[in-house]
Amino acid sequence: MRIVFATLITIILSIFSAPGQTFDSSGRIVDDGRFAAATKQVNQFFRRFNAEESKEGDVRYNPGDEKYHDLALRKSFINILFDNETSGISNELKREFISHVTSETYPQYLNFHGGDWFAELNTVFTYNGKRQDVVLFLKLQPQGLGYEWVIDNVNFPPFTAVFDKPKGDEKKFLHPLSHELGFMNLRKAIVDNPKPESYTPDGFQPDYLTLFLYEIKSNRLKFETVKDTKFHFFQIDKWYFELGQFNRPGFNTGWLIANLMKLEEGDKEIILNYIYDRD
């Protein structure tokens, strides 16, 4: 079943006559007075990261334009795309990341349709008459001549609490000779055992998305609102970053990099398990 998430609500921030920010000789972030606005939209974050618009944000650069993917412009833009107030990302790590993506021999860019990035929505639903937080994960997929956002995964504690497959000696099982009895013991196993997931194969993972859709269709789970949205990026080789929205006074506002990590072998799967809250 394919569920299309019709729209993502983007909160447009007020435009400030904001200077940019860069590093001084001592490694501190300083304003340089060159940039006219906060990064107000996710699409603008892509354009600034790739140097595909002017400093003032009023001119788009396309392939063939003199400033398109300009190295100096990219470095200036990326410098101001970090949350400098609450994230705690070190200047050293920022410099290493900027150097990596703006390499003259192997520059790396973000591609809106390139995969390896997805949205995390903190939402509120009413479940059996009680307001509950539900985390939805959305990804882009091709659709016709364009693309669409689709719900790819869901994290809802009432669902995860139901499925708790026992392990080791605590796990009940069907005797290997059960077939000789016509599987008559299956009735006792399912009726008397409160954990029927005990009789599933090794590696069984509940399909919470199907359960989520079933509860919606059964009218027990009702959508209320989206509280906030963030994005997870794995597009840059050997790096991960989280994009969040910061609506606050000052110049360091809008869509900014809130978390940044350099990846070693196996780190991507660890981070994904953490994001999806998987055991």
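**Stop 1**

The model is predicted, so local features need pLDDT of at least 70 and side-chain atom pairs count only at pLDDT 80 or more, while totals for chains, interfaces and linings use all residues. Residues are numbered from 1 along each chain as its sequence is written, and side-chain values use heavy atoms, with hydrogens and water left out.

Lys238 sits in the loop between strand E6 (221-233) and strand E7 (239-246); helices (H or I, at least four residues) and strands (E, at least two) are DSSP runs, numbered from the N terminus. Although Lys238 is not a glycine, its phi is positive, at about 70°. Most residues other than glycine have a negative phi.

Now select Ala51, in the loop between helix H1 (42-50) and helix H2 (71-79). Ala51 also is not a glycine and has a positive phi, of about 60°. Is Ala51 buried or exposed? Ala51 counts as buried, at 0% relative accessibility.

**Stop 2: the whole chain**

Zoom out and colour by secondary structure: the protein chain has seven helices and eight strands. Of its 279 residues, 39% are buried. Among contacts (heavy atoms within 4.5 Å) with a separation of 6 or more, 58% are between residues 24 or more positions apart.

**Stop 3**

Select H2. At its start, a side-chain oxygen of Asp70 comes within 3.3 Å of the backbone nitrogen of Ala72. The buried residues of H2 are Leu73, Arg74, Ser76, Phe77, Ile78 and Asn79.

Move on to Asp83, in the loop between H2 and helix H3 (91-101). Asp83 counts as buried, at 1% relative accessibility. Which side chain makes a polar contact of 2.7 Å with that of Asp83? The partner is Arg248. A polar contact is a pair of N or O atoms within 3.5 Å; within protein, one must be able to donate a hydrogen and the other to accept it, and residues adjacent in sequence count only if both atoms are side-chain atoms. Not counting residues up to four places away in sequence, Asp83 touches Phe246, Arg248, Asn252, Leu256, Ile257 and Ala258.

**Stop 4: the nonpolar cores**

A nonpolar core is a set of buried Ala, Val, Leu, Ile, Met, Phe, Trp, Tyr and Cys residues joined through side-chain atoms within 4.5 Å. The largest one has 44 residues; select Phe49, Phe97, Leu136, Phe212, Phe231 and Phe241, which touch the most other members. Strand E3 (residues 117-127) gives the largest share of this core, five residues. A second, separate core of ten residues includes Phe118, Val135, Tyr240 and Tyr276.

Apart from neighbours within four places in sequence, Phe212 contacts Phe125, Val134, Leu136, Ile151, Val154, Phe159 and Leu221.

**Stop 5: strand E3**

Ala119 lies in strand E3 and is buried, with a relative accessible area of 0%. Leaving aside neighbours within four places in sequence, Ala119 contacts Leu136, Phe137, Leu138, Trp149, Lys230 and Phe231.

The structure holds 28 aromatic pairs, meaning rings of Phe, Tyr and Trp (its six-membered ring) with centres within 6.5 Å; planes under 30 degrees apart count as stacked, over 60 as edge-to-face and the rest as tilted. One of these joins Trp117 and Phe231, a tilted pair with 5.6 Å centre to centre and 40° between the planes. Trp117 is in strand E3 and Phe231 in strand E6, so the pair ties together parts 114 residues apart in sequence. Trp117 counts as buried, at 5% relative accessibility, as does Phe231 at 4%.

**Stop 6: helix H6 and strand E5**

Select strand E5 (146-155), helix H6 (208-217) and helix H7 (267-276): each supplies at least two residues of the lining of the largest pocket. The largest share of that lining, three residues, comes from E5. On a 1 Å grid over the protein atoms alone, a pocket is an open set of points where a 1.4 Å probe fits, with protein on both sides within 12 Å along at least five of seven lines; lining residues have an atom within 4 Å of a point. Of the 24 lining residues, Phe204, Gln205, Pro206, Tyr208 and Asp279 lie nearest the centre of the pocket.

Terms used:
Buried < 20%, exposed > 50% of the residue type's maximum accessible area, 1.4 Å probe, protein only.
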